[in-house]
Amino acid sequence: MDLGSGVAPLGGAVLKFIYNGLPARVVFGAGSRSQLPAELERLGAKRALLLSTPEQKDSVEKISETLGSRCAGIYDKAAMHVPLEIAEDARRVARELGADCCVTVGGGSTTGLGKAIALTSTMPILAVPTTYAGSEMTPIYGLTEGGAKKTGRDVKVLPKAVIYDPELTLSLPAALSASSGMNAIAHSVEALYAQDANPVISLMAEEGIRALAHALPLVVQEPENISFRSEALYGAWLCGIALGSAGMALHHKLCHVLGGSFNLPHAETHSIVLPHAARYNYDATRDAMARVERALGSSPAPVALFDLESRLPIPRKLSEIGLKETDLERAARIATETPYPNPRKVEYAPVLELLRNAYHGARP
Ligand code: NAD
């Protein structure tokens, strides 16, 4: 066992780790969006700017009606990967409206826009997530300029409060629910073997994987079942904590390269790459993989992840979501030039093989 990596063992070893917990206030439960006025009051916010994507404007308008004069306005232009020009426009609108708080209602794209505003102001974020992406539990932000996405970490962008209302996820289409849930599972799988892995986060990561793996096939069968939605959102919360506290490795690096340089869709890319990244790291992370296997009730972990996905309506091949076979070598080169810390050495030839397998949807 590699104690230096901080991987939490299943038992019987001497532990060595650093735990750096992040502050979080979470209000969880069906109907909990009704707590929004009280949560704004708690933050001392009097003029909240509500953020959403154009597609979710109607649902945000309904929420704004419950706020009365506490709603300064709605900005509904949030877009994937937070384009800088949209961030700057939203910052301007927030200033002009005299907003003193951002309420983000949506997935990672909307939360990301709130983070961009918080980064350059003193405004707190109150997040109301409606997907399983987990951004609301992390101090990680991203901004895209001229086609290049830059990410950073700053505790300033961590939401001061998060309202998880599973009723708001009932409208998330089955396919998006499935890929978004696998995106969350990927956070936890990597948190189990990341450089900053520690026993507290590993407990949450394992439970997050278990909850999502149980709930996602049921959500797909019955998207409007609130108890399945509730379990999935609970899992997503735990996986978000895992991402925020324990960091990332090869899998996230590959997804950032495929999203950033090849414009592949975020959640689907995570879903497709995950079993292959788990295979790449399998022999170097047996304790972490044992936890994944326990959470999924099946082994080996890469195959168990692949088989879970076979029960979900998600693409299985990078070739299906816009990558060209001629892009594989460039993707492998970019991913191996400046790798994230990873338990197994990141090398061009095996990473190319990983990508080739993900491109063809091979069983790992
Ligand atoms: P998203 O926020 O882009 O949403 C995808 C689509 O689903 C949008 O059209 C949105 O309006 C719609 N949608 C969201 N919730 C809905 C609902 N309940 N009902 C109906 N439609 C709904 O997707 P995402 O996967 O949540 O976020 C992806 C982005 O988040 C990426 O840019 C990614 O990099 C970022 N992200 C950041 C972090 C972080 O820690 N900073 C973590 C995860 C993801």
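**Cysteines and ligand shell in a predicted model**

Visitor: Is cysteine 255 buried or exposed?

Guide: This structure is a predicted model. A residue counts as buried when its relative accessible area is under 20%. Cysteine 255 has a relative accessibility of 6%, so it is buried.

Visitor: Why is cysteine 255 too far from the closest cysteine sulfur for a bond?

Guide: A disulfide requires two cysteine sulfur atoms within 2.5 Å. The closest cysteine sulfur to that of cysteine 255 belongs to cysteine 239, and a bond is ruled out because the distance is 14 Å.

Visitor: How many disulfides does a search of the whole structure find?

Guide: Cysteine 71 takes part in no disulfide, and the nearest cysteine sulfur, in cysteine 101, is 11 Å away. For the whole structure, the number of disulfides found is zero.

Visitor: Which helix gives the most residues to the shell around the ligand?

Guide: The shell divides into 13 polar, seven nonpolar and three charged residues. The greatest contribution, three residues, comes from residues 108–119, which form helix α4.

Visitor: How much of the ligand does the protein bury?

Guide: A polar side-chain atom of glutamine 56 lies 3.0 Å from a ligand oxygen atom. A polar backbone atom of leucine 168 is 2.9 Å from a nitrogen atom of the ligand. Of the 860 Å² that the ligand exposes when taken alone, the protein buries 85%.

Technical notes: Residues numbered from 1 in each chain as written. Predicted model: local features only at pLDDT ≥ 70, side-chain atom pairs only at ≥ 80, totals over all residues. Heavy atoms only, no water. Buried < 20%, exposed > 50% of the residue type's maximum accessible area, 1.4 Å probe, protein only. Polar contact = N/O pair within 3.5 Å; in protein donor to acceptor, adjacent residues only side chain to side chain. Areas by Shrake-Rupley, 256 points an atom, 1.4 Å probe, with all protein chains shown as cover. Helix = DSSP H or I, 4+ residues; strand = E, 2+ residues; numbered from the N terminus. Nonpolar A, V, L, I, M, F, W, Y, C, P; charged D, E, K, R; others polar.
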